[in-house]
Amino acid sequence: MSRTIDAVVSPTQTNTIPADISGQMLDLDEDDDLEVFSKDLTLADGNMFNASMPTSPGSMVNQCKFEEDEESDSKDIFITVDNPESHVTAIETFITYRVLTKTTRSEFDNSEYEVRRRYQDFLWLKGKLEDAHSTLIVHPLPEKFVVKGMVERFNGDFIETRRKALHKFLNRIADHPILSCSEDFKVFLSAQAWELTTYKKQGPGFLSRMGETVRAVANSVRGVKNRPEEFTAIQEYVEDFSNKIGSLDKVTQRIVKEQKEYLEELKEYGPTYTLWSGSEEELAEQLKGVAGCIERCCKETEEQVGHLSDTLVPVLHEYVLCAETLKAVLRRRDNIQAEFEAKNEALATKKVDRDAESSDLGFVWGSLLGKNPEEARHQRQERLDGEIEELKEEIDKLEDRVEWANNALKGDWGRWQRSMRGDLKSAFLSTAEKNVDYYEKCLAVWETFLLSQRTEPSEETDRDNTP
Amino acid sequence: MMADSGSEEIAVIGNTDLTSAELENNIKNTMVEIEKWTSLLRKMEISVGEAEKRTGKNTVNMQEIYTVYLIETRPVDAVTEGIIPAPDSLWRRYSEFELLRNYLLVTYPFVVVAPLPEKRAEIVWHKLSADNMDPDFVERRRVGLENFLLRLASHPVLCNDKIFYIFLTEEKGWKEMVYETGFQAKADSRLKAMNAAFRVKNPDKRFTELKHYSDELQAVVSQLLRVRARVADRLYGVYKVHGNYGRVFSEWSAIEKEMGDGLQSAGHHMDAYAASVDDILEEEEHYADQLKEYLFYTEALRAVCRKHELTQFELEMAAQDLASKKQQKEELVTGTVRTFSLKGMTSKLFGQETAEQREAKLQVLEQQIEEGEEAVKEKNTESDEFVKTAWIDIEHFKDQKDRDLKEALISYAIMQISRCKKGIQVWTNAKECFNKM
């Protein structure tokens, strides 16, 4: 599995820092924030307007070999995200995470890097990757805010949950045969803070990006005409999957809520038995025993809920975000095809124009103005031929682009499905195992109690005989 | 229970119940009967088989729907002859059970009479209906009524009561018979006395402690039942939400290839898990009913304590009365007036009494003193007998309570164990299915 990192495509963008900071300061809807990024950067893919780009998208695929059934048996890069720290400046307070990289890859100068990154930086990286590979599936980032309406951004659980998700995000990229070759990725992992800031500032200006955005919108309005069947199938699947995973997310969160409420009541239940035991003589022992059992079951219940929150909830949530990512990827693919189709139509129109013999208004005018009709017509023909040639060149490039986009997506699709299956299977398995464990522990608690009760009757045979 | 009807009414103490003679007789009979058979149950099987709805006119002549319960009895020896004959049966409604119990309370004040199951569902949680017509409630009441009858039938004193026997065996005319005993009048005056306020100087300490205990028991068991109901409600919620997994897994499996089978079967297990809670909580309801019975028993305990106080108070009153009469005699004899009295005043003002007048008064007083001494003796015996018989029954009750509640707690533990086992099974199965994903 050889990889060569070259000065990879990433037409570097100006980081929309103003919008970003404001996003983190205000209580914006997290989805909007992420959407802002992906909309802006859709058309940077295979940006042929950037003359400085050395390679075409097509050749890049060849350089980073794409292997269908890779396992991380020969994993040559290890990344951890840990050690959250809070930083206070005059304007804001934010958290940075330590990103530790250990690698044997040749494209890295050192074998070990330790840098600090904040959430913004991760957002930037994701944007760049989607930019450069608009039809690859980039694993989602955790949202800006965990729960709608949750005020505490800096509460321990929130930070830990985010840290784990960021860790997963980077590792997924590292595992990806194409994405891990990205120069932006390398810079993210290795550059010091000031270096990163400088690096972020490169790339096409605001205006050219505006132009691309306008085209993207225009294309999405126009829509794609001849979508290949397989992508329609994928789109339908993604719709359904999105619904199902959303439902599962809600159901699981509801279970957590109900379980927590159950736990609250249970905590009050045990003590009533203890209270009762205070009034009894013969029964006191037993009542205290029952109280003890309930208390122990409370602890187990607490653990079980914690496990659910830590293991299943985050994964389901991740895949809810994935579904949105997939939808965006499919849209981008459609747009690329739409652009290609539009150009083709334009070509066809031009050809028709050129082949039309007369009744050209310009021709009539020209003759009125005294131009030689023959010459005028000849000029016109030449002009149109030129335009047609240009169009044909553009169309070729677009065609390549479509093919590359489709292949990239197809390849990544299989890969994503496998990941999804693996992730969800393991999360549900873990949950089921924990539940079995929970019930086994509670069973032991009650069985112990029962055993203690059944051995007592031997002491009581004397009592039974008294009248 | 100390809420009085506005005044310190104590005049009605007399005639609230059996005289000491009657009481003595009763006890003698009981002792004899005990030798014959210790409980009615040795003689006959009793069960409350079914419940049915009837319509009829109530006391204010309005149509109403009520439930009747089938009481079946069968002589024990009939069964042992190899052939099992059909049981004798009759129908009774809840109000008749109440009448029976009230009669027993009044007739045997020293007995801790078993309580009836709830008239209305009091402590409910969301799945449990508060509707008296709800079949589950009716069923639980049926069980409660059977339990009530069995308690009575196994009580050494109550099982021999004629009214009780006829309640079980003759449908018609029973009500009239009960009223003919005149217990209603006793019941009314008893109620009045129970609610009156009075102070006892020397109650038996054991009864004071018992009253204290029954108050505590009532408070703590009420609280326990309330919390348990809330816990049950929450548990219901947890299980039922898992049913949604079943639905979504099933839908999801339709769009997956490799994961489809695993998801589909896992979904079935989630459905099973959600459904299992109904039986689990229904079983627990029986446990709650067992606790409720003892919650209601506290009322009977308090009634016995109260009766003791009443008896003791009567004794103290009689003794006080006697003492005052004796003192009056002494004063009359010695001529000294130690206590202030209107008579003394008037005699001072209007002159001394004649010797004959004094003599007459003395005679009356001596007569009263004699009667008073008889009364005190009677009351003393009454009180002693009451304390003795009541305490026997209370000890009997305590033993029964300890046994029953111990068993109830064990059965609760068994229920929890069963629930855990079911949980283990379901999730192990689900785990298998997830493995196949």
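Trainee: What do the side chains of A:Arg421 and B:Glu258 meet in?
Mentor: A salt bridge, with N to O at 3.1 Å. Keep in mind that this is a predicted model.
Trainee: How many salt bridges does the rule find across the interface of chain B and chain A?
Mentor: Seven. As for polar contacts, 17 residue pairs count between chain B and chain A, with both residues at pLDDT 80 or more.
Trainee: Which elements of chain B give two or more residues to the side that touches chain A?
Mentor: α8 (205–253), α9 (260–334) and α11 (355–435) of chain B. α8(B) supplies the largest share, 24 residues.
Trainee: And how do the residues on that side of chain B divide?
Mentor: Into 32 nonpolar, eight polar and 14 charged.
Trainee: How much area do the two chains bury between them?
Mentor: About 5,400 Å², and 72% of that is on carbon and sulfur atoms. In chain B, the residues losing the most area to chain A are B:Arg234, B:Tyr245 and B:Lys406. Together they make up 12% of what that side buries.
Trainee: How many residues does each chain bring to the contact?
Mentor: Chain B brings 54 residues and chain A brings 53.
Trainee: New topic. Where does UniProt place the "coiled-coil region" in chain A?
Mentor: At residues 381–408, according to an unreviewed UniProt entry.
Trainee: What is the helix content of residues 381–408 of chain A in the model?
Mentor: The span is 100% helix and 0% strand. Its end C-alpha atoms lie 40 Å apart.

Notes. Residues are numbered from 1 along each chain as its sequence is written. Chains are lettered from A and ligands numbered from 1 in the order in which they are written. This is a predicted model: local features need pLDDT of at least 70, side-chain atom pairs count only at pLDDT 80 or more; totals for chains, interfaces and linings use all residues. Side-chain values use heavy atoms; hydrogens and water are left out. Contact means heavy atoms within 4.5 Å. Buried area is the accessible area (1.4 Å probe) that two parts lose on being put together, summed over both. A salt bridge is a side-chain nitrogen of Lys or Arg within 4 Å of a carboxyl oxygen of Asp or Glu. A polar contact is a pair of N or O atoms within 3.5 Å; within protein, one must be able to donate a hydrogen and the other to accept it, and residues adjacent in sequence count only if both atoms are side-chain atoms. Helices (H or I, at least four residues) and strands (E, at least two) are DSSP runs, numbered from the N terminus. Ala, Val, Leu, Ile, Met, Phe, Trp, Tyr, Cys and Pro count as nonpolar, Asp, Glu, Lys and Arg as charged, and the others, Gly among them, as polar. UniProt positions are given in the numbering used here, feature names are shortened, and annotations may be inferred rather than shown by experiment.
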